[in-house]
Amino acid sequence: MSLLSRLPGTPPKLMRAVAVAAVVAQAGIAVTGSVVRVTGSGLGCPDWPTCHPNSLVPDPHADIALLHQWVEFGNRMLVGVVSAVAAACLLAALNTRPRRRRLTWLAAAMPAGVVAQAVLGGITVLADLAWQTVSLHFLLSSVLIWLAVLLVDATGQEDGPPTPAVPRAARTLLLLCSVLLGAVLAVGTLVTAAGPHAGDAATPRLGLPVPVLAQLHADLLVGYLGLLVGLGFLLAAVDAPARLRRRYRWLIAAVLAQGLLGATQYALGVPEALVSLHVLGACLVTVAGAALWSAGTSRPPVSPPVTDRAEPTARDALSPATNRARNALAERAPG
């Protein structure tokens, strides 16, 4: 008998709580990573996995500010929190009774993603913050946020085949919206890679004009918003489920807020604080986009847990007074 089988099954509320924690943790590490970048602290700890060749933690160095060391080291320490949450997701899913295949695979993606991020983070440091590796770092975070949102929904679903919530035309448009969102995020990383906040002055930049990349990023966002508007009309025409329409409204609000923040950021000369807020906005748009995508299909809800209590018999259904009378007659009966 395995150790997990000896433990109580994971309560549905606990499974959902750790899944929500995974969404927060994956988004949080992406935002703190942006703080590392805008403060030029990416090489505050120039070695991996130690901070310095002979020190695990920050150590005073004449050529590296101690603040930059602690900013980078603090971000690395947050990886421990993300790792713990990811491990909790997998253990909770494995201990769900009965175990569900889709839930387990989505939960397993969390620790697998942490390992991939750790490897990529090491490569990023050893490559002196090459913009290609930094961009991949953020995009992998976006994928993990997306999967974590799917995990949250999977906590309340059985493994049955998905049932479309809307006709094929709406599902196709929803797919196009999701693909275009990925393009918006990818080009956004290029804007940062070419801009003033790609790291400190010595960090290699992407050799393309920032205004051109920023315009492409804005154009893709406008195109994404246009597709979403079309999707909204289509959802209204097919009388989409309330859950889908509610998530659609949240996504529209997130995209509009992100667009306004991006325009303000560009007009003000890209101040550092707004860069991290913009990364937070990108994470929230990803969460909302994943939630909308997930609502495009439905699966059977999880059945309530089976208890050990036997079904009531006809005798149990009788009133207490009737039962007492029957018991008294039974005691008086001969033999």
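**Figure 1. Secondary structure of the predicted protein chain.** The protein chain of this predicted model has 10 helices and two strands. Read from the N terminus, the order of elements is α-α-α-α-α-β-α-α-α-α-β-α. Of the 335 residues in the protein chain, 41% count as buried. Among contacts with a separation of 6 or more, 76% are between residues 24 or more positions apart.

**Figure 2. The largest nonpolar core and a second, separate one.** The largest nonpolar core holds 63 residues, and the members that touch the most others are Tyr224, Leu228 and Leu231. Two or more residues each come from helix 2 (12-38), helix 3 (66-94), helix 4 (101-126), helix 5 (131-154), helix 6 (168-194), helix 7 (210-237), helix 8 (242-267) and helix 9 (272-295). Helix 2 makes the biggest contribution to this core, giving 10 residues.

Figure 3. Leu231 belongs to the trio that touches the most other members of the largest core. With neighbours within four places in sequence set aside, Leu231 contacts Ala170, Leu173, Leu174, Cys177, Tyr248 and Leu292. Gly230 is a residue of helix 7. Its relative accessible area is 31%, so Gly230 is partly exposed. Gly230 and Leu174 are 56 residues apart along the chain, and their C-alpha atoms are separated by 10.0 Å.

**Figure 4. Packing of helix 2 against helix 3.** Two packed helices are described by the angle between their axes and the distance between the axes. For helix 2 and helix 3 the angle is about 160° and the axes are 9 Å apart. Because an angle over 145 degrees counts as roughly antiparallel, helix 2 is roughly antiparallel to helix 3. The crossing of helix 2 past helix 3 is left-handed. On the helix 2 side, the contacting residues are Met15, Val18, Ala19, Ala21, Ala22, Ala25, Gln26, Ile29, Thr32, Gly33 and Val36. Their counterparts in helix 3 are Val71, Glu72, Asn75, Leu78, Val79, Val82, Val85, Ala88, Cys89, Ala92 and Ala93.

**Figure 5. Packing of helix 8 against helix 9.** The axes of helix 8 and helix 9 cross at roughly 160° and come within 9 Å. The two helices are therefore roughly antiparallel to each other. Helix 8 passes helix 9 in a left-handed crossing.

Figure 6. Helix 5 and helix 9 have axes that come within 9 Å and cross at roughly 40°. The pair is therefore oblique, and the crossing is right-handed. Helix 5 makes the contact through Phe138, Ser142, Ile145, Trp146, Val149, Leu150 and Asp153. Helix 9 contributes Val279, Ala282, Cys283, Thr286, Val287, Gly289, Ala290, Ala291, Trp293 and Ser294. Ser142 lies in helix 5 and counts as buried because its relative accessibility is 8%, where buried means under 20%. Leaving aside neighbours within four places in sequence, the contacts of Ser142 are with Leu185 and Thr286.

**Figure 7. Thr155 in the loop between helix 5 and strand 1.** Thr155 is placed in the loop that joins helix 5 to strand 1 (163-164). Thr155 has a relative accessible area of 5% and is therefore buried. Beyond neighbours within four places in sequence, Thr155 is in contact with Met15, Arg16, Ala19, Arg100, Leu103 and Val302. Two of these contacts, Met15 and Ala19, are also residues of helix 2 that meet helix 3.

**Figure 8. Backbone geometry in two loops.** The peptide bond from Arg97 to Pro98 is cis, and its omega is near -10°. Pro98 is in the loop between helix 3 and helix 4. Asp239 is in the loop between helix 7 and helix 8. The phi of Asp239 is near 55°, which is a positive value in a residue other than glycine. With a relative accessible area of 61%, Asp239 is exposed.

Terms used: Residues numbered from 1 in each chain as written. Predicted model: local features only at pLDDT ≥ 70, side-chain atom pairs only at ≥ 80, totals over all residues. Heavy atoms only, no water. Core = buried A, V, L, I, M, F, W, Y, C linked by side-chain atoms within 4.5 Å. Buried < 20%, exposed > 50% of the residue type's maximum accessible area, 1.4 Å probe, protein only. Helix = DSSP H or I, 4+ residues; strand = E, 2+ residues; numbered from the N terminus. Contact = heavy atoms within 4.5 Å. Axes fitted to C-alpha atoms, helices over the stretch in contact; angles between N-to-C directions. Parallel < 35°, antiparallel > 145°, perpendicular 65-115°, else oblique. Left-handed = near helix turned anticlockwise from the far one by under 90°.
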